[in-house]
Amino acid sequence: MADSSVALVTGAARGIGAGIARRLAADGFDLALVDLSAPEGTAGEVREAGRRAVALAADVTDRDAVFGAVDSAVAELGGLDVVVNNAGIALVGPVTDVSADELHRLFAVNVNGVLWGIQAAAASFQARGVRGKIINASSIAGHEGFAMLGAYSATKFAVRALTQAAAKELAAKGITVNAYCPGVVGTDMWVEIDKRFAELTGADEGETYAKFVDGIALGRAQTPEDVAAFVSYLAGPDSDYMTGQAGLIDGGLVFR
């Protein structure tokens with residue numbers, strides 16, 4: 001068995017995923033880090049923080065690859081206690097213009113990838129008798145459908161549904177399933193979202209981002225560290241009595 005708790009994070013090469021990895025390392029976790037290309041940079045940061053890390057290459061749209069990454073985490077780090085299904089992509093455009101290929105890719109990453117992560121985590125936890133935690137990436141767009149982000153919003157609503165259903169099914173095994181719902185985070189994804197809005201609406205680059213940020217009650221854009229702090233809670237013992245929830249962590253943009 002591992003000498004400390006072990007977490008696996010997908011989409012760990014940059015942005016929110018890298019922020020989550022850094023925070024969980026600070027919390028004392030050893031990390032299995034997954035991305036399309038092995039996220040060696042993030043793994044190096046984790047090791048510099050004094051924790052063990054393994055960098056794994058896997059496409060979350062490939063069920064076998066996700067199960068393989070979970071198996072590798074157990075084999076190389078001696079256990080697995082938390083799985084964070086963070087990998088995701090965005091799509092900006094009118095719902096009337098979404099193509100079949102775009103929709104297929106969006107759901108393959110944002111929904112299928114989460115489902116495969118839930119399945120792989122549950123199988124690993126149950127095989128080893130672990131009362132583990134599964135944590136999924138939803139969004140404010142999983143609580144409210146946003147114009148020009150309709151298909152993306154649909155995937156994030158789907159993550160909430162999977163989170164609730166899995167929580168009900170796995171509770172008897174002592175496995176909790178929750179989701180985190182970020183807002184406007186200053187990452188490369190939002191740079192691309194803003195550029196796409198500019199192309200489609202004629203807005204200046206930076207204008208859409210600024211408009212969204214202006215609507216945040218706490219008066220600033222979100223950082224990966226803000227999101228990671230909430231994931232830290234979900235991964236830790238203080239959230240043991242919480243399951244099936246999709247908590248908003250957005251500085252006060254969407255209120256439910």
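Begin by selecting V66, which lies in helix α3, the run of residues 63–77; helices here are DSSP runs of H or I with at least four residues, strands are E runs of at least two, and both are numbered from the N terminus. The model is predicted, so local features need pLDDT of at least 70 and side-chain atom pairs count only at pLDDT 80 or more, while totals for chains, interfaces and linings use all residues. Residues are numbered from 1 along each chain as its sequence is written, and side-chain values use heavy atoms, with hydrogens and water left out.

With V66 still selected, note that its relative accessibility of 9% makes it buried (under 20% relative accessible area, with exposed over 50% and partly exposed in between, for a 1.4 Å probe and protein chains only). Next, show the residues in contact with V66, which are D59, V60, W116, G117 and A120 once neighbours within four places in sequence are set aside; contact means heavy atoms within 4.5 Å.

Move on to S124, found in helix α4, residues 100–128. S124 is buried as well, with a relative accessible area of 9%, and, not counting residues up to four places away in sequence, S124 touches V70, V74 and L80.

Finally, zoom out to the whole protein, where the secondary structure comes to eight helices and seven strands. The C-alpha trace spans about 55 × 35 × 35 Å along its principal axes, and buried residues make up 51% of the 256 residues.
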